[in-house]
Amino acid sequence: MFFAEARVRVFIYGQPVDARKSYDGLYALARNEMKQDPLSGHLFCFINRRANQIKVLYWDRSGFCLWSKKLEVGRFVSDWGQIHSSETDWTHFKLLLEGVEPKSFRKRYSRLPTT
């Protein structure tokens, strides 16, 4: 799997998903619940209720690809109450796959208004 990191958008579904869902079920969630086009080539991430398994669906111009990862220890999400369907960046996605959940995002600087 090779992606141009700057162009790939990553969408995380903000509710637990039945881990038995496959291509069609996850396609329907991305299309109907997330209001996104699964044929766009972007990544759509779905996490199960116990938050120890993640599935990623994407279109690679010839068909859908689906891969999953199951953590042996730990969870991808510590609190479902704080998770919402949203778009995230590539760096946050890589941290999520490693089981690292950043608590807050801070900018190192803020642009000062020009006069």
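Modeller: Let's start where β1 and β5 pair: they run antiparallel, over 3 bridges. Strands are DSSP runs of E, at least two residues long, and helices are runs of H or I, at least four long, both numbered from the N terminus; two strands pair if DSSP finds at least two bridges between them. Bear in mind that this is a predicted model, where local features need pLDDT of at least 70 and side-chain atom pairs count only at pLDDT 80 or more, while totals for chains, interfaces and linings use all residues. Residues are numbered from 1 along each chain as its sequence is written, and side-chain values use heavy atoms, with hydrogens and water left out.

In that pairing, F11 has E87 in β5 as its bridge partner. E87 also has a side-chain partner, R9, with which it makes a salt bridge whose closest N and O atoms are 2.9 Å apart. (By salt bridge I mean a side-chain nitrogen of Lys or Arg within 4 Å of a carboxyl oxygen of Asp or Glu.) This pair ties together distant parts of the chain: R9 sits in the segment before β1 (10–12) and E87 in strand β5 (residues 86–88), 78 residues apart. How exposed are R9 and E87? R9 is partly exposed at 35% relative accessible area, and E87 is partly exposed too, at 42%. The cut-offs are under 20% for buried, over 50% for exposed and partly exposed in between, using a 1.4 Å probe and protein chains only.

The whole structure has 3 salt bridges. Another one joins D18 and R20, at 3.0 Å from N to O; D18 is partly exposed at 36%, whereas R20 is exposed at 73%. R31 and D37 also meet in a salt bridge, at 3.3 Å, with R31 partly exposed at 40% and D37 likewise partly exposed, at 34%.

Now step back to the sheet. Its 5 strands form an open sheet in the order β4-β3-β2-β1-β5, with mixed pairing. β4 and β5 are the edge strands, each with a single partner, so one side of each has no neighbour in the sheet. On average, neighbouring strands are turned by 25 degrees against each other, direction ignored; such angles come from axes fitted to C-alpha atoms, for helices over the stretch in contact, and run from 0 to 180 degrees between N-to-C directions.

Q53 belongs to β3 (residues 53–59) and is buried, with a relative accessible area of 19%. Beyond its neighbours within four places in sequence, Q53 is in contact (heavy atoms within 4.5 Å) with A19, F46, I47, N48, S68, K69, K70 and F76.

What about the helices? Helix α1 (residues 23–33) lies across β2, β3 and β4, and runs at about 95 degrees to β4. α2 packs on the sheet too, touching β1, β2, β3, β4 and β5, with its direction at about 50 degrees to that of β1. In α2 (residues 90–97), the buried residues are W90, H92, F93, L96 and L97. Looking down the axis of α2, these fall within an arc of 160 degrees, so they line one face of the helix; the arc is taken from the directions from the helix axis to the C-beta atoms. Those buried residues pack against β1, β2 (43–47), β3, β4 and β5. After α2 comes G99, with a positive phi near 85 degrees.

As for cysteines, C45 is buried at 0% and C65 is buried at 19%. The disulfide count is 0, taking a pair of cysteine sulfur atoms within 2.5 Å as the rule.

Put together, the chain has 2 helices and 5 strands, in the pattern β-α-β-β-β-β-α along the sequence. Of its 115 residues, 36% count as buried. Among contacts with a separation of 6 or more, 56% are between residues 24 or more positions apart.
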